[in-house]
Amino acid sequence: AERITSTTLAAMKRRRDAIACLTCYDAAFAGLLESAGLEVLLVGDSLGMVLQGQPTTVPVKLEHMVYHSACVSRAAARSLVIADMPFLSYATADRALAAAERLMGDGGAAMVKLEGGGELAQTVARLTRFGVPVCAHLGLLPQSVHRLGGYRYQGRDDAGAARIRADALALQDAGASLLVLECVPAALAQALAGELDMPVIGIGAGSGCDGQVLVLHDMLGLLPGRSPTFSKDFAAAYGSVAAALAGYVAEVKERSFPGPGHTLY
Ligand code: KIV
Ligand code: NA
């Protein structure tokens, strides 16, 4: 089967085929996820919390992201591998280019993701001009947890929603080809998915997005008592890892996940 690229994902959006994505940090899971039909494997900096036991994603280093991206990329023949740019690694456009060089060159990733709004437009334009596909990330920005004061839904009032919309348009204009929207009301996510050309992958953002992403260890029930309310234990629902992954893909494709219990309206 052909490699999935941002072009594939844009065509899926136009056809209204939902995009299935999960986080992935190693080769064994990369093989399982690809077999289950996941289009996108996100090497998220959530690995700081999930694999390293850190309290936030802030301590994650570029070398960690490169190592796990390489583990995933070696085992993924078809899925699009996106690597998170860690905390402050894209604080200037020069740093972002250097980080992309490592994540794509040594890590084998085919796209990078960064958290933030219009203030990153110039950086995104530079990355894309030099051939680095960029996934934007708006709504709840986990790398900004110390400024935000906690993990909370974003864009709940008119001003906040308008800011997220303006940021999304600025990043799309700058060349971003994908957007992760985390923890925003379902109506806002659905409106943005309708307005933007780039596909919108939601997490805690309702079923009106162009695709969904969850943290792998959350949806496999491996972090008991620590799973966010928008997630779901697919291993408990389906009985095995392979069945959980297949069930997740099926529920995303038919848009039955996320359901009302996982959504802020
Ligand atoms: O790091 C991560 O896992 C992420 C997803 C939650 C979108 O950025
Ligand atoms: Na992340």
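User: What do the eight strands close into, and in what order?

Analyst: They close into a barrel, in the order E1-E2-E3-E4-E5-E6-E7-E8, with parallel pairing. Neighbouring strands of this sheet are turned by 25 degrees against each other on average, direction ignored. Those angles come from axes, which are lines fitted to C-alpha atoms (for helices over the stretch in contact), and they run from 0 to 180 degrees between N-to-C directions. The helix and strand labels are DSSP runs numbered from the N terminus: H or I with at least four residues for helices, E with at least two for strands.

User: What ground rules apply?

Analyst: This is a predicted model, where local features need pLDDT of at least 70, side-chain atom pairs count only at pLDDT 80 or more, and totals for chains, interfaces and linings use all residues. Residues are numbered from 1 along each chain as its sequence is written, while chains are lettered from A and ligands numbered from 1 in the order in which they are written.

User: How confident is the predictor in the protein?

Analyst: pLDDT is its confidence in each residue, from 0 to 100. The protein averages 97, and 100% of the residues score at least 70. The model also scores ipTM 0.99 and pTM 0.98.

User: What makes E1 and E8 a pair?

Analyst: Two strands pair if DSSP finds at least two bridges between them. E1 (residues 19-23) and E8 have four, in the parallel sense, so they pass. Ile19 stands opposite Gly211 in E8. E7 and E8 are joined in the parallel sense over two bridges, and E3 and E4 run parallel with three.

User: Why is Ile201 called buried?

Analyst: A residue is buried if 20 or more other C-beta atoms lie within 10 Å of its own, exposed if 12 or fewer, and partly exposed in between, with C-beta atoms placed from the backbone. Ile201 has 30 such neighbours, so it counts as buried. This residue is found in strand E7, and its bridge partner in E8 is Gly211.

User: What does Met198 touch?

Analyst: Not counting residues up to four places away in sequence, Met198 touches Gln172, Ala176, Ser177, Leu178 and Leu179. Contact takes C-beta atoms, placed from the backbone, within 7 Å.

User: How do you know how H5's length compares with expectation?

Analyst: The expected span is 1.5 Å times one less than the number of residues. H5 (residues 93-106) has 14 residues and reaches 19 Å from its first C-alpha to its last, close to the expected 20 Å.

User: Why say the buried residues of H5 line one face?

Analyst: The buried ones are Ala96, Ala99, Ala100, Leu103 and Met104. Seen down the axis of H5, they fall within an arc of 120 degrees, so they line one face of the helix. That arc is taken from the directions from the helix axis to the C-beta atoms. On the other side of H5, Asp94 and Gly105 are exposed.

User: What covers the buried residues of H5?

Analyst: The cover includes helix H4 (62-75), strand E3 (80-84), strand E4 (111-115) and helix H6 (121-129).

Notes:
Two residues are in contact if their C-beta atoms, placed from the backbone, lie within 7 Å.
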